[in-house]
Amino acid sequence: MTLLGRLAGALRTLSLRFTTPVRIEFNLTDHCNLNCKGCTHYASIAPEEYANLQLLERNMRHLSTIRGAEGIKQIYLIGGEPLIYPWLHESIQLSRRYFPHAEISIFTNGLRLPHMDDRFWELCRENELHIVITRYPISFDYDSVIEMCTRQGVRFSIFGDRGLAGSFFKVRLDPLKRSNRWNSHFKCYSFGCLTVQGDKLFPCPQSACVEHLNRRFDQNFSWEKGDYLPIAEIKDIRAILRLRNRPVPFCSYCRKMLPTHYSRSSRVPEEWIEA
């Protein structure tokens with residue numbers, strides 16, 4: 001690519017940094033019914049744990065009352081696999097109650113959709129939810145769940161096909177924290193994925209969920225001041241924008257994300273940690 005082409009690309013990236021709508025992703029669980037190599041939420045090594053429903057409501061209530069809360073345009077219910085969350089019905093209702101004008105989406109691998117009850121589909125229609133399905137190269141009839149969403153009158157879209165070349169990324173963390181944080185942030189694949197984990201808001205799922213790496217592989221990836229915002233202390237949407245738009249100390253752990261082929265996880269540190 002020519003210098004002019006690289007400059008144009010950099011300007012486009014900068015523009016997106018400041019025009020992308022604010023999106024809050026509520027992590028319902030890191031647990032998943034798939035076992036993907038290098039999962040950015042570390043789901044393949046995460047224990048079966050679920051977000052506390054009372055804390056989830058407290059977080060939503062608080063974020064809906066901050067100055068500029070109308071600037072929160074998108075709410076994502078994510079995982080792991082959110083459709084296995086025991087209080088999914090309640091989380092859908094809470095999302096719409098506290099964010100009446102936001103687009104609310106559930107990101108799913110789709111495997112549980114054929115088994116969802118009638119109440120789930122009713123809530124999706126009543127609350128105008130958007131089901132976002134990611135295709136994986138597994139033995140599963142994705143066309144049938146697409147037809148199901150259509151039949152149920154629920155809006156849906158396909159996020160991507162993980163079986164295609166270049167559609168799956170390996171995110172590497174360097175325990176020695178040698179990356180330039182500004183460069184890592186500028187090239188970040190997870191830009192805009194503001195993730196609620198527990199009572200904290202993180203700029204990306206890698207930092208939000210890194211405790212799974214620490215526990216599984218006896219690592220010491222740590223958070224410093226500025227790596228997250230305690231949700232109860234957020235007063236203004238400008239604080240959220242600063243967290244999103246500027247590099248944080250955790251960014252120095254991140255190496256360049258590399259496209260890779262989809263496969264099942266072997267649950268070895270090399271999938272996430274740079275030697």
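Tutor: Arg267 lies in the segment after β10 (258-260). The model is predicted, so local features need pLDDT of at least 70 and side-chain atom pairs pLDDT 80 or more, while totals for chains, interfaces and linings use all residues. Residues count from 1 along each chain as its sequence is written, and side-chain values use heavy atoms, without hydrogens or water.

Student: Which phi does Glu128 have?

Tutor: Also a positive one, of about 55 degrees, and Glu128 is not a glycine. Glu128 sits in the loop between α4 and β4 (130-135). Its relative accessible area is 59%, so Glu128 is exposed.

Student: Now helices. How do I read a helix face?

Tutor: Start from the geometry. An α-helix has 3.6 residues a turn, so residues three or four places apart point the same way. Then list the buried positions. In α3 (residues 88-98) these are Leu88, Ser91, Ile92, Leu94, Ser95, Arg96 and Tyr98.

Student: How do α3 and α4 cross?

Tutor: The axes of α3 and α4 come within 10 Å and cross at roughly 10 degrees. That makes α3 and α4 roughly parallel. The classes are: under 35 degrees roughly parallel, over 145 roughly antiparallel, 65 to 115 roughly perpendicular, the rest oblique.

Student: Which residues in α3 and α4 meet?

Tutor: From α3, Leu88, His89, Ile92 and Gln93; from α4, Arg119, Phe120 and Leu123. By class, that contact has four nonpolar, two polar and one charged residues. Nonpolar covers Ala, Val, Leu, Ile, Met, Phe, Trp, Tyr, Cys and Pro; charged covers Asp, Glu, Lys and Arg; the others, Gly among them, are polar.

Student: How many salt bridges does the structure hold?

Tutor: Look for a side-chain nitrogen of Lys or Arg within 4 Å of a carboxyl oxygen of Asp or Glu. The structure holds 14 such salt bridges. One of them pairs Glu126 with Arg119, N to O at 3.6 Å. Glu126 has 54% relative accessibility and counts as exposed. Arg119 has 33% and counts as partly exposed.

Student: Are Glu25 and Arg23 buried or exposed?

Tutor: Both are buried. Their side chains meet in a salt bridge, 2.9 Å from N to O.

Student: And Asp199?

Tutor: Asp199 forms a salt bridge with Lys200, with the closest N and O atoms 3.2 Å apart. Asp199 is partly exposed at 41%, and Lys200 is partly exposed at 22%. Elsewhere, salt bridges that share partners join Glu57, Arg61 and Arg97 into one network.

Student: How many disulfides does the structure hold?

Tutor: The test is a pair of cysteine sulfur atoms within 2.5 Å. The structure holds zero disulfides.

Student: How do I compare sequence distance with spatial distance?

Tutor: Ile146 and Cys209 are 63 residues apart in sequence and 30 Å apart in space. Ile146 belongs to helix α5 (residues 142-152) and is buried at 18% relative accessibility. Setting aside residues up to four places away in sequence, Ile146 touches Arg135, Phe156 and Ile158.

Student: Where is His31?

Tutor: In the loop between β1 (22-27) and α2. His31 and Ser91 are 60 residues apart along the chain, with C-alpha atoms separated by 17 Å. Leaving out neighbours within four places in sequence, the contacts of His31 include Ala46, Pro47, Tyr50, Gly80 and Ile84.

Notes: Buried means under 20% relative accessible area, exposed over 50%, partly exposed in between (1.4 Å probe, protein chains only). Helices (H or I, at least four residues) and strands (E, at least two) are DSSP runs, numbered from the N terminus. Axes are lines fitted to C-alpha atoms, for helices over the stretch in contact, and angles run from 0 to 180 degrees between N-to-C directions. Contact means heavy atoms within 4.5 Å.
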